[in-house]
Amino acid sequence: MGRFHRHSDETAHRHGGPDGSHGSHDGADTGNGSHDGADAGHGGHDHGAGSDVGDHSGYRSGPERVELLKEILSENDRTAAANRADFAASGVSVVNLMSSPGAGKTTLLRRTLTILGPGIKVGVLEGDIETSLDADRLEGLGAEVTLVNTSAGFGAECHLDAVMVRSALPRLPLSSLDLVVIENVGNLVCPAEFDVGEHARAMVFSVTEGEEKPLKYPVMFRSADVVVVNKVDLLPYLDFDLDLFLSNLADVNPGATVVRTSARTGEGLDGWCSWLRGLASR
Amino acid sequence: MHELSLCRAVADVVTSHAERRDVTRVTVQVGHLRQVVPDTLVFCWKMVTDGTELAGCELAVEHVPAVGVCRSCGARNELDEPVLRCAACGGRDVVLVSGEELLVASMDLATSD
């Protein structure tokens with residue numbers, strides 16, 4: 001997902017230099033005017049010659065508006081880049097697996113580990129708010145599994161962020177793995193906002209969730225490279241309109257790969273596993 | 001509830017740029033296509049800043065409309081729905097030019113001695 005309006009604003013905003021001139025605004029000059037409404041926040045900032053606002057090295061400074069135009073998640077994104085560099089150095093591919101609670105991520109992952117077998121060495125980073133229930137379900141399938149409980153911080157987090165993932169990386173033998181699956185916290189909103197350093201995003205959508213979900217959670221559906229439509233064995237018992245769902249998905253993310261599966265019966269898992277093999281061997 | 005995480009990130013950005021001056025107001029820009037609830041953001045901002053040097057600082061949330069440009073016919077449209085389809089020609093080759101912002105736009109600093 002290409003996010004609009006990213007600035008390479010790595011350097012701090014600087015206030016008046018020794019010559020009394022106004023500080024520099026790296027990145028800000030590319031940000032103006034490309035979207036309506038943005039200029040409302042720029043008016044109070046004086047770039048004029050002779051202005052002494054901003055110089056507060058021991059002198060009195062008047063009130064001022066300082067333009068920052070800094071990505072809110074820039075710190076997260078920096079850590080995500082560090083994670084990605086570590087993954088590249090170890091030659092491992094990483095997929096961020098997301099879904100609502102109960103869509104079948106863990107069941108799918110169990111079946112996936114069995115199918116991929118010893119041919120592909122898999123590590124699983126299991127995000128869970130409080131428990132080790134999901135991680136326990138993945139034991140004994142040949143994968144290296146490590147748990148990240150997200151409740152450690154200030155309030156239980158509903159998503160994994162790049163820092164949480166980074167804290168867990170030393171517990172995975174990255175250089176001996178081919179693929180790392182990051183099983184995110186079950187949630188259709190928050191995980192989509194946080195880059196954790198993955199190479200691809202997969203989401204599991206179950207047909208019990210309703211056709212309108214791509215329109216209600218567009219950030220998540222738009223960010224996915226592959227959408228696994230799971231529990232298709234239930235289709236005969238549901239009013240779910242698969243074509244309508246696919247059309248809604250195409251409205252928000254026309255480029256997404258779609259794989260239909262039933263993690264329960266095994267239907268379609270070969271397609272999903274070939275997608276993963278492709279990722280692992282990229 | 002990632003608004004709480006966002007507020008912490010905003011507070012970090014502002015604190016690192018304010019150089020200990022009093023910040024009276026912070027303006028953030030949130031694109032229409034972001035799933036961020038402005039009222040929740042303001043509520044979380046108070047939670048995150050209370051008891052810190054940013055206590056009492058106001059958070060202003062500016063909404064940035066979603067605008068797409070169609071690569072087939074060149075039409076430029078504001079998108080109310082998160083649907084990437086051209087309102088003029090119905091084409092799906094629409095490129096977003098705004099609507100995904102998540103930015104700390106500016107901060108207002110008080111007079112300092």
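Biologist: How many bridges join strand S3 of chain B to S4(B), and do they run parallel or antiparallel?
Modeller: Strand S3 (residues 67-70) of chain B is joined to S4(B) by 3 bridges, and they run antiparallel. Strands here are DSSP runs of type E with at least two residues, helices are H or I runs of at least four, and both are numbered from the N terminus. Two strands pair if DSSP finds at least two bridges between them.
Modeller: Before we go on, this is a predicted model: local features need pLDDT of at least 70, side-chain atom pairs count only at pLDDT 80 or more, and totals for chains, interfaces and linings use all residues. Residues are numbered from 1 along each chain as its sequence is written, chains are lettered from A and ligands numbered from 1 in the order in which they are written, and side-chain values use heavy atoms, leaving out hydrogens and water.

Biologist: OK! Which residue is the bridge partner of Val67(B) in S4(B)?
Modeller: That's Glu78(B).

Biologist: And what order do the strands of that sheet have?
Modeller: The order is S4-S3-S5 in chain B, an open sheet of 3 strands with antiparallel pairing. Strand S4 (76-78) and strand S5 (94-98) stand at the edges with a single partner strand each, so one side of each has no neighbour in the sheet.

Biologist: Ser98(B) is in strand S5 of chain B. Is Ser98(B) buried or exposed?
Modeller: Buried, with a relative accessible area of 2%. The cut-offs are under 20% for buried, over 50% for exposed, and partly exposed in between (1.4 Å probe, protein chains only). The side chain of Ser98(B) also reaches the backbone oxygen of Pro65(B) at 2.7 Å.

Biologist: New topic: how many salt bridges are there over all chains?
Modeller: The count comes to 16, where a salt bridge is a side-chain nitrogen of Lys or Arg within 4 Å of a carboxyl oxygen of Asp or Glu.

Biologist: Which residue does Arg84(A) pair with?
Modeller: Asp195(A), at 2.8 Å from N to O. Arg84(A) sits in helix H1 (residues 74-90) of chain A, and Asp195(A) in the loop between strand S5 (179-183) and strand S6 (200-206), 111 residues apart. Arg84(A) is partly exposed at 28%, while Asp195(A) is buried at 17%.

Biologist: What about Asp233(A), which residue does its side chain meet?
Modeller: Arg264(A), in a salt bridge of 3.0 Å, N to O. Asp233(A) counts as buried at 14%, but Arg264(A) is exposed at 64%.

Biologist: Which residues are linked with Asp251(A) in a network of salt bridges?
Modeller: Arg85(B) and Arg92(B).

Biologist: Last thing, the inside. Which residues touch the most other members of the largest nonpolar core?
Modeller: Val10(B), Val23(B), Val26(B), Trp45(B) and Met107(B), out of 30 residues in that core. By nonpolar core I mean a set of buried Ala, Val, Leu, Ile, Met, Phe, Trp, Tyr and Cys residues joined through side-chain atoms within 4.5 Å.

Biologist: Which element gives the most to this core?
Modeller: H1(B), with 9 residues. Apart from this core lies another one of 28 residues, including Ala143(A) and Trp272(A).

Technical notes:
Polar contact = N/O pair within 3.5 Å; in protein donor to acceptor, adjacent residues only side chain to side chain.
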